[in-house]
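Me: I should like to go through the terms used for this model, setting each value against its definition. Please look at the structure first.

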Amino acid sequence: MIDDNRNAGVETTQPTGIWPTFVNHLSARTGLSQCWLQFIMLLLGSLTAYLASTGLHRISWDSAALLFRVAMVLSAVGAVVVLLPSVGRRIVVSLVILFHFGGLLTAVTSVNPSPWLSTQLWTTVYRPYLYFLWLNNAYHFYSPQPGPANLMWFCIEYESDPDGTKNFRWVLVPDLDEQSRPVNPDGSKVFSGTEYTRRLSLAEYTGSTGIVPWNLYQLLDQRLRAAQLDGIPPLDPRKVSYDKQYREPDARSKRWIQTYIRHVASTYKHHNKPDRAVKSVKFYRVLHQILEPDQLNAGIGPNEPSLYWPFFCGKFDKDGNFTEDCVKIWIDSAGRFQSELCDPYLYWLIPYEDLARHGQGGDLEKADSNTLRVDENDADKEMKR
């Protein structure tokens, strides 16, 4: 039997507390040393975490299942560490601390322009670890300068009324009231700043943008043709170049968007007609630009509509799948996955003043909606709903 790593002849102080007292009592009753008891308990904890994660996978609660899988691994590793001599345990703990703070260092130094070594370590080693603990974005924020905040705006369309009236609801995550206080989509106050920050972090997962497509000008031609029909032109390219007005999310971000769509479609009912079923959901990833010094000197407020850049990321059904009028997906005769972009506005920046019309696709006055509007008589041009 392995001893519990205490040196003979050295006077030690017995720890006090409920847990140490319980372990000492159990050790006296079973004849096992404390380190072996801790080993057995950690193994049982690892097995319990595995069973919990398996059950959560069956009900499709993937995030909680992942948490328990990580707890399973940590408990199993901890079970081995408690059997090591005192020096071995100190070495393992020291290496974990160095690894953790090394990750924070790469999060700070991997923002362009960045050293080659920091970029490689962050990409190949630390990214999964930092994203799981969400220690990446906060350390990027001031390195070297803050970037625009990511917001998520959803336009939910429900079944129409018998008289043809269309029903919509806009859900903004996160959202502010008229006094710029954080609120939930149902209008209730968010009392915790941590909760508001976490909602901002949710939007960050939709923000990994791929490279500029090779057929950008072909997509631009389709966008301009649609603008002539619908009256929703792109922004002036002298202010924002066309290549910056097109941002297609990468594959990972698209999967996150689909999960958000499923949650929103199943959670939020129409504000006036809760019995209406969801037909589709349009999703916009909104970049809230930070004021430049000259804009601040000109008296422009932080909620100026021109500072909101909504990028249309698709129209989905309630299960998070693209609708056929947005993206057509099929398997060809050779078994290859094929897709065709059917919506000329997909992944393009929609001017804020045209956002409500784009989201609802019709006469705003004849729709039952908490429509986003811009009041030209409002000196600050703040958002009205």
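Me: Why does Arg 357 count as partly exposed?

Reply: Arg 357 has 32% relative accessibility. Buried means under 20% relative accessible area, exposed over 50%, and partly exposed in between, with a 1.4 Å probe and protein chains only. The value for Arg 357 therefore makes it partly exposed. Please note that this is a predicted model, in which local features need pLDDT of at least 70 and side-chain atom pairs count only at pLDDT 80 or more, while totals for chains, interfaces and linings use all residues. Residues are numbered from 1 along each chain as its sequence is written, and side-chain values use heavy atoms, with hydrogens and water left out.

Me: What makes the pair Asp 354 and Arg 357 a salt bridge?

Reply: A salt bridge is a side-chain nitrogen of Lys or Arg within 4 Å of a carboxyl oxygen of Asp or Glu. For Asp 354 and Arg 357 the N to O distance is 3.0 Å, and their side chains meet in a salt bridge. Asp 354, at 10% relative accessibility, is therefore classed as buried. The count of salt bridges by this rule is eleven.

Me: Are Asp 161 and Asp 275 buried or exposed?

Reply: Asp 161 has 14% relative accessibility and so counts as buried. Asp 275 has a relative accessible area of 61% and is therefore exposed.

Me: How do you know that the span of helix α5 agrees with its number of residues?

Reply: Helices (H or I, at least four residues) and strands (E, at least two) are DSSP runs, numbered from the N terminus. The expected span of a helix is 1.5 Å times one less than its number of residues. Helix α5 (residues 116–133) has 18 residues and should span 26 Å; its end C-alpha atoms are 24 Å apart, which agrees.

Me: Where does α5 bend?

Reply: The bend, of about 75°, is at Tyr 126, and Pro 128 follows within four residues. The bend at a residue is the angle between axes fitted to the seven residues ending there and the seven starting there. Tyr 126 is also one of the buried residues of α5, which include Trp 122 and Leu 130. The buried residues of α5 pack against α4 (86–109) and α9 (251–267), a contact being heavy atoms within 4.5 Å.

Me: What makes up the nonpolar patch on the surface?

Reply: Leu 66, Leu 67, Phe 68, Phe 132 and Leu 133 form it, with about 440 Å² of accessible area together. Patches are made of residues with over 30% relative accessible area and no salt bridge; like charges are joined within 9 Å, nonpolar side chains (Val, Leu, Ile, Met, Phe, Trp, Tyr) within 5 Å. Accessible areas come from the Shrake-Rupley method with a 1.4 Å probe, and for residues only the protein chains shown count as cover. Leu 66 has 45% relative accessibility and therefore counts as partly exposed. Helix α3 gives the most to the patch, with three residues.
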